[in-house]
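Good morning, and thank you for coming. I shall present one structure today and go through its salt bridges, the contact between its chains, and an annotated site.

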Protein chains: 2
Amino acid sequence: MRDHFESRDTDAAGRIGELTVPRAGVTVETPALLPVINPNLQTISPARLQEEFGAEILITNSYIIHNNEDLRERAREEGLHDLLDFDGAIMTDSGSFQLSEYGEIDVRTDEILRFQHEIGSDIGTPVDIPTPPDVSRERAESELATTQERIEAAESIDTGEMLVTAPVQGSTYPDLREQAGAHADATGHDVFPIGAVVPLMNEYRYGDMVDVVAGAKRGLGIDAPVHLFGAGHPMMFALAVAMGCDLFDSAAYALYARDDRYLTVRGTEHLDELDYLPCSCPVCIEHTPADLRSLDDQAREEALAAHNLHVTFAEIRRIKQAIRSGNLLELVEERARSHPAMLDGYRALCDHTDQLEREDPASKSTFFYLSHESARRPEVRRHHRRLDRLDPEGTVLLTEGDSSNNYDESWRIVPPFGPFPRALSETYPLTAEVPDRLDVSAYEAAADGVTRVVESNPDTEFVLGHWDWPASALDRVPDRVDSFVLGEK
Amino acid sequence: MRDHFESRDTDAAGRIGELTVPRAGVTVETPALLPVINPNLQTISPARLQEEFGAEILITNSYIIHNNEDLRERAREEGLHDLLDFDGAIMTDSGSFQLSEYGEIDVRTDEILRFQHEIGSDIGTPVDIPTPPDVSRERAESELATTQERIEAAESIDTGEMLVTAPVQGSTYPDLREQAGAHADATGHDVFPIGAVVPLMNEYRYGDMVDVVAGAKRGLGIDAPVHLFGAGHPMMFALAVAMGCDLFDSAAYALYARDDRYLTVRGTEHLDELDYLPCSCPVCIEHTPADLRSLDDQAREEALAAHNLHVTFAEIRRIKQAIRSGNLLELVEERARSHPAMLDGYRALCDHTDQLEREDPASKSTFFYLSHESARRPEVRRHHRRLDRLDPEGTVLLTEGDSSNNYDESWRIVPPFGPFPRALSETYPLTAEVPDRLDVSAYEAAADGVTRVVESNPDTEFVLGHWDWPASALDRVPDRVDSFVLGEK
């Protein structure tokens, strides 16, 4: 375990962790949101972020400070914490974003990293190359090699107690992301931003985002704190946390406010199109949409930024509570219905079920079956895997009905999990709550469980008693299983 | 159209309406939440409900007032509005709830209705019989007959400008609910509570609740304002509104607070089990869970009641905004993932798609495909029905790919809708957003669309070009359709 990051509670690949930031003398609880502070333009002051919104950590851009003579001198003299009037942790970016936006910047990694250290940053960043999605593999590999050289070079720079990040690039090539993750993890660096995902999020490519994160996570150790760099929309936090991301940064709260855009956990609304404020935050309690529209530009921007932050921080708390309660995937299920692209993201997460299953706790709160996708959750996969360990003998009844003495053993069978010995009935996840109107995916998953136990016990005979399963489920059961409809035999 | 209720915007069977309450001199916008005021015990004062939470209408119990000498005399002297210090609309219940809880009450309909009028109630209620779920049909019919007699008797009582309700009973027999709805609608009464659904909601039987509401709605006219009596949990408001309910009443906000229970749109939490407050309301911004736990009983109850109300009223605003934006069913999709029982409710709603389709607007905002259930939405059903009106001739290509000159006509085909002439491409709902990872339900619904157009055009030949649909979808297409996989021909 890295000594500056400790994971406390887990759910899927998500966790509540503690990131110790020695230079700031604080411990930041993750998942955490880092509001982005533009040193030239503060919509909401850092002091207010700390007091009113509970921000424990901020991020600002050392490149902007470095390139502005006045800011640079003040930062050198006063230090970053006094400059921003914030005594929590401050992370600094290096200018990579400017590199991706404008194509070139005029500082080197050693120079900007020393500058970050000099002005008192708590977490500094080298100048990586944010390779966009969908570039040629050749370009992705070549730029990744440069990023990796710079990360390695950063190791030899004396940065004292400042934590240093090792960004993970690799464009939309999951195997490059994995390789980049493994390389970054092997350095002496401390925090691991997954870079250049902003274009994916701007285009609502949440499925691709999940694949990229999954790749990076396979390379990174489980003890690596992961920053989904540039991800600031609360709609996708739960999904990203479930994939194993710990840190987010939001410029969105301020940028969107400037453009009269109003964040919700279900998407983005434009103030002009709102007849009601669908939120319970103090801003939305005290105003109507007409009130907000009638404010002058600055007051409106500030009010919308405050709303955006309230929604964003509330979602972080909701996610933490979900991890504590063991129902993070239930929250992801809900957020998956915000937008078809979010459903894509959740379905992509389900494609990585085996990867998630390795970190998912063995016991959580009651499993809720909430959609066809629920049949693909890690808990179902794990139950199927565990069936391999059981050795039923003789002739075994697998039944949705009562047990019977006519068989050597009489197991229960519960969609979506499949069969299990009755003694396990009260164990997680078999205490699941399922809807009365169950779907074909649940029956098919249960049938796959039957197949699993049948195939791993070739000398045992199986009989399946079911309440009239759909044909597509029964078709998945091996032919050698004798099945009958309960109530008809 | 009833002259005291006007529907303004609609989505599915939900609507934003205006309920004119002449005696109060106010117009209440629906969907509306009526906080329940216990005249003996006000957790949050009516004045505060109005000012801080925007409550336009309350409900209180005339039976409790009638049976308490002090309250009765004060209500007679001061009138209900002064007694409660509230100048919005006040609805009064008759004691039916006490009847259902304690088995008998000692007032008659004429007596209690006159009393409600006398003390200045704006909406009065006769003493109906709240028949519980699952009783014998005989009992349900007999009690319904009594309820209907009382509703009829109430017509002859002089209640001046006071609106009078006609409760719809019928237990869990949808056809009795329908008959009760039709009977109530034919009276001269004004507001239509669907009664005795509290036991269903207490047991999380949202599927049954939807069936009961659907039955009542089939009997009631589209212009009847419908009150889902006793429904106060914000988790199910969107579902109930989509089924056509306009009014809700919440005692939950106060009762739950008394028991340290914390409402969210995703369910109910107990304060003792919260490590974070998953909400952005003023109470949750200003407190931690530990802060709340350390308050004395009264302050804690008041804080939790305020939180519960903030969440509840915010959900009402969210629903109204969803109706305005034309994405109420998208909100229902999301709420359906709060609990397996809510998924049951949504799947029950999908069972009533034809009924919803009759009221659903022809054009809304972009259709979002958010789950397998989306394939069963009214918009898909309507598209299939509309296909009957089209008369393609000759040999027609239905294709997911480009059009072709080798056919007499070349239509597009888009899951979950199915085929349509290219000229309709930019019309609702065919502009739908769907996930890249589409599911089998979408393909099957599209195949059903193919079947529909093929069967209604027996003299036309059809060729289907698709991107490798799953077998279960292709199996639904009539044999006479020649189909091929795009890119393979």
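Let us begin with one pair: Arg300(A) and Asp260(A) form a salt bridge, with their closest N and O atoms 2.8 Å apart. By salt bridge I mean a side-chain nitrogen of Lys or Arg within 4 Å of a carboxyl oxygen of Asp or Glu. Arg300(A) belongs to helix α15 of chain A, and Asp260(A) to the loop between α12 (252–258) and β12 (261–264), so the pair ties together parts that are 40 residues apart in sequence. Here helices (H or I, at least four residues) and strands (E, at least two) are DSSP runs, numbered from the N terminus. Arg300(A) is buried, at 13% relative accessible area, and Asp260(A) is buried as well, at 14%. Buried means under 20% relative accessible area, exposed means over 50%, and partly exposed lies in between (1.4 Å probe, protein chains only).

A word on the source: this is a predicted model, in which local features need pLDDT of at least 70 and side-chain atom pairs count only at pLDDT 80 or more, while totals for chains, interfaces and linings use all residues. Residues are numbered from 1 along each chain as its sequence is written, chains are lettered from A and ligands numbered from 1 in the order in which they are written, and side-chain values use heavy atoms, with hydrogens and water left out.

How many salt bridges does a search of the whole structure find over all chains? The search finds 100. One of them joins Glu18(A) to Arg8(A), at 3.1 Å between the closest N and O atoms. Glu18(A) lies in strand β2 (residues 14–21) and Arg8(A) in strand β1 (residues 5–11) of chain A, so this pair ties together parts that are 10 residues apart in sequence. Glu18(A) is partly exposed at 29%, and Arg8(A) is partly exposed at 42%.

We turn now to the contact between the chains. Chain A and chain B each contribute 55 residues to the contact, where contact means heavy atoms within 4.5 Å. The area buried between them is about 4,700 Å², of which carbon and sulfur atoms give 49%; buried area is the accessible area (1.4 Å probe) that two parts lose on being put together, summed over both. Across this interface there are 14 salt bridges. One side-chain pair that meets in a salt bridge is Asp211(B) with Arg437(A), at 3.5 Å from N to O. Which element gives the most to the side of chain A that touches chain B? That element is α15(A), with 7 residues.

Finally, consider the annotated site. The UniProt record, an unreviewed entry, assigns the annotation "binding site" to Asp128(A) and Ala196(A). These residues span 69 residues in sequence, yet no two of their C-alpha atoms are more than 10.1 Å apart, so they gather at one spot. UniProt positions are given in the numbering used here, feature names are shortened, and annotations may be inferred rather than shown by experiment.

Asp128(A) sits in the loop between β7 (123–124) and α7 (137–155) of chain A, and is buried at 6% relative accessibility. Ala196(A) sits in the loop between β9 (192–194) and α9 (198–202) of chain A, and is buried at 15%. Leaving aside neighbours within four places in sequence, the contacts of Asp128(A) include Gln169(A), and those of Ala196(A) also include Gln169(A).
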